Amino acid sequence: MLYFGSFNPVHRGHIALAEYVVERGLCDEAVLIVSPQSPYKTQEALAPEMDRFEMAEIACAASRYPERIKPSAVEFLLPKPSYTIDTLRYLEEVAGDRMRFSILMGGDQVARLDGWKEYERLLEYPIYVYPRRGESTAGYEGRITVLDDAPLQEFASTDIREGIARGEDMGEMLYPGVIDYIRKKGLWSPATRIAALTRQIDAEPQNTELLIERGKLHYRLGEWGPALNDFNAVLRLDAAHVEAAQYARMVQEILEFRYKDIYNP
């Protein structure tokens, strides 16, 4: 069973689904196909493909069925962006004589499946759909199998990246080996996020949401000057911005306390 995704990063929810399809006898092997580039996603927050593959390798090895749950870098060999039908066509050519393939996808993909390349051809394969909270799996009845009792993913990779950038503990969502890898490589760290925000702000200097986010990251890192600059920039654009005013006041109080001699000669 082919489980396509950016796995950016791979988390416990991904592995729980792979374990589920193995335990239910829906496949002999569950393979996480790590996509180098999704047609639906930007590259901004995407970790390097080999980093994502190595994290997937670590997570699969930590699963209950390491011999039956594995990652694959097959799409790294194919033209980009990656389309599921092209990958399946390649796999059929190289291994179709000894393997049969099925697809595992999230319920959020069903509504836009008709926008996938050659989606009618995709529907010739067994497609298993796991529910996503708040997402409808209606459509294609009789042509897809909805796994109603599959474990729900209560969080997404986006939540994890944002948590890492805020310096939060992601231990409940990630395997220890994956956390160690992220720390070692500095993936999605506050500094990395600040650099990405700076590029976005250079392109959109009046975007107050970006300025607030960068200011708050500087604040958490104790970088008071850059933080105050960002909050003041927001206030110049929107003098009534409550959050920016609160943070600017807190930074000023910190500076006044730490540098009494400067502010109170």
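1. A word on naming to start: helices (H or I, at least four residues) and strands (E, at least two) are DSSP runs, numbered from the N terminus. This is a predicted model, in which local features need pLDDT of at least 70 and side-chain atom pairs count only at pLDDT 80 or more, while totals for chains, interfaces and linings use all residues. Residues are numbered from 1 along each chain as its sequence is written, and side-chain values use heavy atoms, with hydrogens and water left out.

2. I would begin with the second largest pocket, which holds about 550 Å³ of space. Its 19 lining residues include M1, E29, M99, R100 and F101, the closest to its centre. A pocket here, on a 1 Å grid over the protein atoms alone, is an open set of points where a 1.4 Å probe fits, with protein on both sides within 12 Å along at least five of seven lines; lining residues have an atom within 4 Å of a point. Grid points are joined across faces, edges and corners, and the volume is the space filled by probe spheres set on the points.

3. Which elements each supply at least two residues of that lining? They are β2 (30–34), β3 (69–72) and α3 (84–95). By class, the lining of the second largest pocket has 13 nonpolar, 2 polar and 4 charged residues. Ala, Val, Leu, Ile, Met, Phe, Trp, Tyr, Cys and Pro count as nonpolar, Asp, Glu, Lys and Arg as charged, and the others, Gly among them, as polar.

4. Do look at the loop between β1 (2–5) and α1 (12–23), where P9 lies. The peptide bond from N8 to P9 is cis, with omega near 5 degrees. F7 lies in the loop between β1 and α1 too, and its phi is positive, near 45 degrees, in a residue other than glycine. Another cis peptide bond runs from K80 to P81, with omega near 0 degrees; P81 is in the loop between β3 and α3.

5. Now to the helices. The axes of α7 (residues 190–203) and α8 (residues 208–220) come within 10 Å and cross at roughly 155 degrees. Axes are lines fitted to C-alpha atoms, for helices over the stretch in contact, and angles run from 0 to 180 degrees between N-to-C directions. α7 and α8 are therefore roughly antiparallel, a term for angles over 145 degrees. Their crossing is left-handed, meaning that the near helix is turned anticlockwise from the far one by less than a right angle. Among the residues that meet are I194, L197 and I201 in α7 and L210, L211 and L217 in α8, where contact means heavy atoms within 4.5 Å.

6. How do α8 and α9 pack, and at what angle? Their axes are 8 Å apart, at an angle of about 155 degrees, so α8 is roughly antiparallel to α9. This crossing is left-handed. L211, I212 and Y219 are among the α8 residues that meet α9, whose side includes W224, F231 and V234. The contact of α8 with α9 has 10 nonpolar, 3 polar and 3 charged residues.

7. Finally, α9 (residues 224–237) and α10 (residues 242–258) have axes that come within 9 Å and cross at roughly 145 degrees, in a left-handed crossing. Contributors to the contact include W224, L228, F231 and L235 of α9, and Y247, V251, I254 and L255 of α10. Its residues divide into 13 nonpolar, 2 polar and 1 charged.

How values were computed
Parallel < 35°, antiparallel > 145°, perpendicular 65-115°, else oblique.
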